[in-house]
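Good morning, and thank you for coming.

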Amino acid sequence: MTLQTISPILWTKDLKATVSFYENILGFKSQSNFPNFVSLNRDGVTIMFVVPLDEPADCNDENDKVNFFTKPTLTGSIFITMKQVDTFWDSVKDKATIKAPLADREYLMRDFSILDNNGYELVFAQDISK
């Protein structure tokens, strides 16, 4: 048994804006065969988005400020390894909200992170261990 890929399915309230961000800023291509769903792909990396039509019950109570779904929440980040991270940085740095600028890290990666239009953090990293 071998694992092959991971493709997160994330929530979005604005599918059109999400598709636009990933296509126009990050260079992904979209494919959708279902309403309120899109699969975005680039160089073998797939991220999927869905509009939560039937939100979980714990997201519907406006009096519960902790769980009420006002925007997507992820307690971590999406970490994408790549080659030529400097070139990619140059192409997106003026088009997205920067969370961490391009730099060499102690964990032997050269990376940067941005926020997508939903507020999800995307980290783009290149191995510099060699």
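**From one serine to the whole chain**

Ser113 is found in strand β7. Before I go further, please keep in mind that this is a predicted model.

Is Ser113 buried or exposed? Its relative accessibility is 2%, and a residue counts as buried under 20%, so Ser113 is buried. Its side chain makes a polar contact of 2.9 Å with the side chain of Glu121. Leaving aside residues up to four places away in sequence, Ser113 touches Thr97, Ile98, Lys99, Ala100, Glu121, Leu122 and Val123.

Let me turn to the strands around this residue. Strand β6, residues 97-104, pairs with β7 in the antiparallel sense over five bridges. Within that pairing, Ala100 stands opposite Ser113.

One of the paired positions is Ile114, whose bridge partner in β8 is Leu122. β7 and β8 likewise form a hairpin, with five residues between them. The turn of this hairpin contains Gly119, with a positive phi of about 100°.

β8 has a further partner in β5. Four bridges join these two strands, which run parallel. Thr81, for example, has Ala125 of β8 as its bridge partner. How many of the seven residues of β8 are buried? Five of them are, so the strand is largely enclosed by the rest of the structure.

The buried residues of α1 are Leu15, Thr18, Val19, Phe21 and Tyr22. Viewed down the helix axis, they fall within an arc of 160°, so they line one face of α1. The cover over these buried residues includes β2, β3, β4, β7 and β8. On the other side of the helix, Lys16 and Asn24 are exposed.

Asn24 deserves a moment of its own. Its relative accessible area is 55%, and the limit for exposed is over 50%, which means that Asn24 qualifies. Asn24 and Lys95 are 71 residues apart in sequence, yet their C-alpha atoms are 9.5 Å apart in space.

Asp14 caps the N-terminal end of α1, with a side-chain oxygen 3.4 Å from the backbone nitrogen of Lys16. With a relative accessibility of 0%, Thr12 counts as buried. What does the side chain of Thr12 reach? It comes to 3.2 Å from the backbone nitrogen of Asp14. The side chain of Thr12 also makes a polar contact of 2.9 Å with the side chain of Thr18, which is one of the buried residues of α1.

The largest nonpolar core holds 26 residues. Which of them touch the most other members? They are Tyr22, Leu26, Ile47, Phe49, Phe112 and Phe124. At least two residues of this core come from each of α1, β3, β4, β5, α2, β7 and β8.

Finally, the chain as a whole. There are two helices and eight strands, and along the sequence they follow the pattern β-α-β-β-β-β-α-β-β-β. Of the 130 residues in the chain, 35% are buried. The accessible surface comes to about 8,600 Å², with 51% of that area belonging to carbon and sulfur atoms. Considering contacts between residues at least 6 apart in sequence, 46% join residues at least 24 apart.

To close, I return to the starting point. Thank you; I shall be glad to take questions.

Note on methods
Residues numbered from 1 in each chain as written. Predicted model: local features only at pLDDT ≥ 70, side-chain atom pairs only at ≥ 80, totals over all residues. Heavy atoms only, no water. Buried < 20%, exposed > 50% of the residue type's maximum accessible area, 1.4 Å probe, protein only. Contact = heavy atoms within 4.5 Å. Areas by Shrake-Rupley, 256 points an atom, 1.4 Å probe, with all protein chains shown as cover. Core = buried A, V, L, I, M, F, W, Y, C linked by side-chain atoms within 4.5 Å. Pairing = 2+ DSSP bridges. Arc of directions from axis to C-beta. Polar contact = N/O pair within 3.5 Å; in protein donor to acceptor, adjacent residues only side chain to side chain.
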